[in-house]
Amino acid sequence: MEATNTRELSSNDTQNEIIENINNPKKLEQLYRKNQIAFKRVFNEIYGDIKNATTAQIWNERLNYQNDALLLGQKNDLFFIIIAAFIGGLIAKIPQFTGIDENYFFPRNISFIVFPMLMVYFIWKGQLARRKFLLPIFSVLLSVMYINFLPDNNNSDTIILACIHLPIFLWTIIGYTFVGGDLTSSAKKIDFLRFNGDFVVMTAIILLSGVLFTGITIGLFDLIGLNIEKFYQQNIIVWAAPAIPILSTYLVRNNPQLVNKISPTIAKIFTPIVFITLLIFLSAIIYTGKNLYNDRNFLLIFNALLIGVMAIILFSLSEATKNANSKINLLFLFGLSVLTIVLNGIALSAISFRLVEFGITPNRIAVLGANLLIFTNLILVAHKLYFIVKGKAEVDKVESSIAFFIPIYGIWTAVVAFILPLLFNFK
């Protein structure tokens, strides 16, 4: 059976494997377990071409049946969560076991409490080949040794930058394990970004529930005259906190239907709100004549805004093409990207001014590099959005533009974390 004109967004290899093995239940199950989210997305895209096959009809019901029940997966998965949470708790308690200053330990090592376990989880579930998981292992070991051997200097800008950028670098390594080491697949990288959106939503829900439960528990014991706050913090929270990201990952991977509609909905709601806010902000800059060239906080906050805009565009795209008002939604997304580019141009000129006027510093190099990368990425996205609005391109072109830059962001964060401290002699 031959597929007809499937979208470039999907992985061609996965498409072909599903089609070729549509009557091979064992192989289909292996593909599904390797990456459930990607399998479902690709299957739904090609279902119209294979729907006459009985096996395809069964899989369609399995993948798209709306079941409100929470799927807990296999016993091995639950066992992994318990072990991973235990290891994360042990790492978090190292200062308590060894007497190391917490203010020294946590800024440098907080990412190692969770990230390595997430990498192991994706390596395990994705059945990553040995030659491909050497990079994640090497990256983690190098990062642990490097960050902990840096001088103990709280006033060093480069060391602070290293502590900030190292978790972002490790996040891109997690992405490498998520996509199975296949950095050429835009579809898999987009799946990773979408996973992050669902992950944030699920983590926020669990975290808020945990905070509420903690408050009630401490309050109940306080009613009978027992102050358990310190005990609870040292013996419950320290073990529970590392478990939250791992549990969130597990729930999202096994129950994508729980939150995969929330992120696009939130992005859709905030697209016009953010557009109007930025338009008013740009008008206010012109009206007030505010000099942003000496405002360091503006430059730092603006990079966060750029990342937020990219996330809104990514999560709004799929929803923008599914309803009657898609043209209006796409116009808002294009307008938002253009408006952000204008504001980013102001930010870049401000950074350049500070470099010329006040000289080169690690902070200015880090901010300038990140800003240039996001600026370039945003221009490519706006360019693709323009052609989508004109009806001359598909949504996957924008998603591919976003996905292409993920490894580049990883390389830049590695430069800031590992090279800048050496270049500036840890100052």
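## The lining of the largest cavity

Sorted by class, the residues lining the largest cavity are two nonpolar, three polar and three charged. They are Arg33, Asn35, Gln36, Ile37, Tyr121, Lys125, Arg253 and Asn254. All of this comes from a predicted model, so to speak a computed picture of the protein.

Which helices each supply at least two residues of this lining? They are α3 (36-50), α8 (115-125) and α12 (229-254). The space inside the largest cavity comes to about 60 Å³, and the structure has one cavity of 30 Å³ or more.

## The protein as a whole

Stepping back, the protein contains 18 helices and zero strands. Of its 427 residues, 47% are buried.

Contacts can also be sorted by distance along the sequence. Taking those between residues at least 6 apart, 78% link residues at least 24 apart.

## A look at helix α18

Helix α18 covers residues 406-423, which is 18 residues. From its first C-alpha to its last it reaches 25 Å, close to the expected 26 Å. Where does α18 bend? The bend is at valine 416, by about 35 degrees.

Valine 416 is also one of the buried residues of α18. Others in that buried set include Ile406, Gly410, Trp412, Thr413 and Ala414, along with Ala417, Phe418, Leu420 and Pro421. After α18 comes asparagine 425, where phi is positive, near 55 degrees.

Notes: Residues numbered from 1 in each chain as written. Predicted model: local features only at pLDDT ≥ 70, side-chain atom pairs only at ≥ 80, totals over all residues. Heavy atoms only, no water. Helix = DSSP H or I, 4+ residues; strand = E, 2+ residues; numbered from the N terminus. Expected span 1.5 Å × (residues − 1). Bend = angle between axes of the 7 residues up to and from the residue. Buried < 20%, exposed > 50% of the residue type's maximum accessible area, 1.4 Å probe, protein only. 1 Å grid on protein atoms, 1.4 Å probe; cavity = no way out; pocket = protein on both sides within 12 Å on 5 of 7 lines; lining within 4 Å. Points joined across faces, edges and corners; volume = space filled by probe spheres on them. Nonpolar A, V, L, I, M, F, W, Y, C, P; charged D, E, K, R; others polar. Contact = heavy atoms within 4.5 Å.
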